[in-house]
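Hi everyone, thanks for coming. I'd like to walk you through one model today, so please have a look at the screen.

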Amino acid sequence: MCKIKGVIFDMDNTILRSRIDFEGMKQETFNFLVTRGILPRELELTNHTTSTIIKEATKSTRMTEEVLHDLWEIPKRFEIEGMKGAELEAGVTDTLDELKGRCRLSIVTNNSNQAAETALKDNNILDYFDYIVGRETMGVLKPAPDGYNMILEKYNDISIREWISVGDSWIDGMASSAAGITFISYQGDVEKMNKMGVVPYATITAFSELLLIAR
């Protein structure tokens with residue numbers, strides 16, 4: 001691997017120990033769409049996330065701007081509640097201290113920009129990041145690569161081979177790989193990742209291990 005000049009992080013359960021009830025968010029989002037006749041009740045949810053459910057729903061002719069607005073209020077509510085008192089993963093600050101100045105540091109999160117920036121500011125790490133891409137900023141949410149592509153375009157002086165991304169979920173790996181960026185799994189379910197077609201370049205269990213890769 002060549003010298004790393006840019007690192008893209010997921011936020012929930014990567015940078016921060018999130019208390020977001022992702023399963024509850026997914027189920028309430030799905031129920032909302034079923035009751036409005038937008039999605040069939042028989043839809044298999046096992047390999048879906050809230051973002052992929054919403055993407056599926058936007059294909060329906062019954063999806064209006066008003067319904068879409070109300071729909072997004074569901075994950076927003078779960079995010080705000082789940083990020084209250086969220087703490088940093090162990091070793092985050094020391095690792096960011098080492099990386100800041102020699103790497104571009106960015107975040108791509110399916111959370112709202114407001115929830116992301118508030119949580120990072122509350123933990124005194126917002127200023128470490130050069131660019132934060134939340135769901136209002138990107139076109140299509142992860143597992144689509146839109147957020148990663150935005151960062152590549154913004155910092156086009158850095159080649160794709162000089163970037164890595166770090167995340168805990170298969171959607172992070174899929175989005176990163178689709179953008180051509182090397183993906184590092186942090187405390188992720190690698191078996192689930194492999195099942196979804198994601199093969200991490202490396203897996204780390206401690207945040208500080210990232211420094212051995214981003215040299």
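Let me start with the largest pocket, where α1 gives the most to the lining, with 4 residues. Before going on, a word on the source: this is a predicted model, in which local features need pLDDT of at least 70 and side-chain atom pairs count only at pLDDT 80 or more, while totals for chains, interfaces and linings use all residues. Residues are numbered from 1 along each chain as its sequence is written, and side-chain values use heavy atoms, with hydrogens and water left out.

Helices here are DSSP runs of H or I with at least four residues, strands are runs of E with at least two, and both are numbered from the N terminus. A pocket is found on a 1 Å grid over the protein atoms alone, as an open set of points where a 1.4 Å probe fits, with protein on both sides within 12 Å along at least five of seven lines; lining residues have an atom within 4 Å of a point.

So, back to the largest pocket. Its volume is about 690 Å³, counted as the space filled by probe spheres set on the points, which are joined across faces, edges and corners. Of its 31 lining residues, Phe22, Thr49, Asp168, Ser169 and Ile171 are the closest to the centre. At least two lining residues each come from α1, α2 (50-57), α3 (65-82), α7 and α8 (190-195). The lining divides into 8 nonpolar, 12 polar and 11 charged residues. Here Ala, Val, Leu, Ile, Met, Phe, Trp, Tyr, Cys and Pro count as nonpolar, Asp, Glu, Lys and Arg as charged, and the others, Gly among them, as polar.

The second largest pocket holds about 250 Å³. It is lined by 15 residues, with Ile54, Trp72, Gly139, Val140 and Leu141 nearest its centre. The elements giving two or more residues to this lining are α2 and α3, and α2 has the largest share, 4 residues.

Now to the inside. Which residues have the most contacts inside the largest nonpolar core? They are Val7, Phe9, Ile15, Leu33, Leu120, Ile125 and Phe129, in a core of 48 residues. A nonpolar core is a set of buried Ala, Val, Leu, Ile, Met, Phe, Trp, Tyr and Cys residues joined through side-chain atoms within 4.5 Å. Buried means under 20% relative accessible area, exposed over 50%, and partly exposed in between, with a 1.4 Å probe and protein chains only. Helix α1 (residues 22-35) brings the largest share of this core, 5 residues. A second, separate core of 14 residues includes Ile8, Met138, Ile158 and Trp163.

Next, helix α6 (residues 146-154), whose buried residues are Gly147, Tyr148, Ile151 and Leu152. Seen down the axis of α6, these fall within an arc of 140 degrees, so they line one face of the helix; the arc is taken from the directions from the helix axis to the C-beta atoms.

Finally, the backbone. The peptide bond from lysine 142 to proline 143 is cis, with omega near 20 degrees, and proline 143 lies in the loop between β5 and α6. Asparagine 13, although not a glycine, has a positive phi of about 60 degrees; this residue is partly exposed, at 25% relative accessible area. Asparagine 124 also has a positive phi, near 60 degrees, and counts as exposed at 67% relative accessibility.
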